[in-house]
Every structure is written in C-alpha cells, then in structure tokens.
Amino acid sequence: MEVKIKITDREGVSHEVEAPTDMAMNIMELVRAYELAPEGTIGICGGMAMCASCQCYVLNDTTLPEMGPDEEAMLSEAYNVKPNSRLGCQIPITEDLDGLEIELAPQE
C-alpha cells in the first residue's frame, strides 16, 4: 500500500509524493528518495536522531507516533525548532500517515 504525503521543500515548493508502507522507510528516507533536499543536507547522521538535519514541521493533524527521548533531546538543541517540529528519521511511514503535510525546516 502507498500513502500520499505532501512535502514542502526548503525553497517553499510543495511536492505530493507517494510513500510505500511496506518498506520500513521513514520520512527522512522518503525526502532523500525523491531528492527533495540536496545530497548531504538531510539525514547526515543516518537516521539516529543525532543531527536534526531532517527536522520538519508538521502542518496538519495527522496522527504521528509519540516522540521518543532521543528525538526530544535532539530537538531541544536544534535550531529553528517550532512546537510542531519533528525529526523525519523518527517518523516511520505507515498507513496512518496518509494525507500528512510537512515542511522541511531551514538548514542550520
């Protein structure tokens, strides 16, 4: 199954992409797969919640998994953090994400 996710890149361009729910991907990997951020500017730590390069803003009320302690700690130190900030690497792509709208946070 695939879900539709709307991603606004760092230039403000909106992309509606289809994301497979059966490949154990996360939002950061999805952004990379569609090349919506320049190589080397997203997922620098490899998805370990250690760099905040995949920070994004959640724009609608799609249900997301709870934030874990690693993600909370990283966001407490990151730049450009807003109340709706999440780390893309910590959001697995599941059927629950259908219709999710996010915006990539500015590069630090």
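User: Which strands form the hairpin, and how many residues are between them?
Analyst: β1 and β2 form the hairpin, with five residues between them. Glycine 12 sits in the turn and has a positive phi of about 90°. Strands here are DSSP runs of E, at least two residues, numbered from the N terminus. This is a predicted model; local features need pLDDT of at least 70, side-chain atom pairs count only at pLDDT 80 or more, and totals for chains, interfaces and linings use all residues. Residues are numbered from 1 along each chain as its sequence is written, and side-chain values use heavy atoms, leaving out hydrogens and water.

User: How many bridges join β1 to β2?
Analyst: Seven, between residues 2-8 of β1 and residues 14-20 of β2. The two strands run antiparallel. Strands pair if DSSP finds at least two bridges between them.

User: Which residue in β2 is the bridge partner of lysine 4?
Analyst: Glutamate 18.

User: Is cysteine 89 buried or exposed?
Analyst: Buried, with a relative accessible area of 8%. Cysteine 56 is buried at 1%. Buried means under 20% relative accessible area, exposed over 50%, partly exposed in between (1.4 Å probe, protein chains only).

User: What lies over the face of tyrosine 57?
Analyst: Lysine 82, at 4.2 Å from the ring centre. The rule wants NZ of Lys or CZ of Arg within 6 Å of the ring centre and within 35 degrees of the ring normal.

Notes: Helix = DSSP H or I, 4+ residues; strand = E, 2+ residues; numbered from the N terminus.
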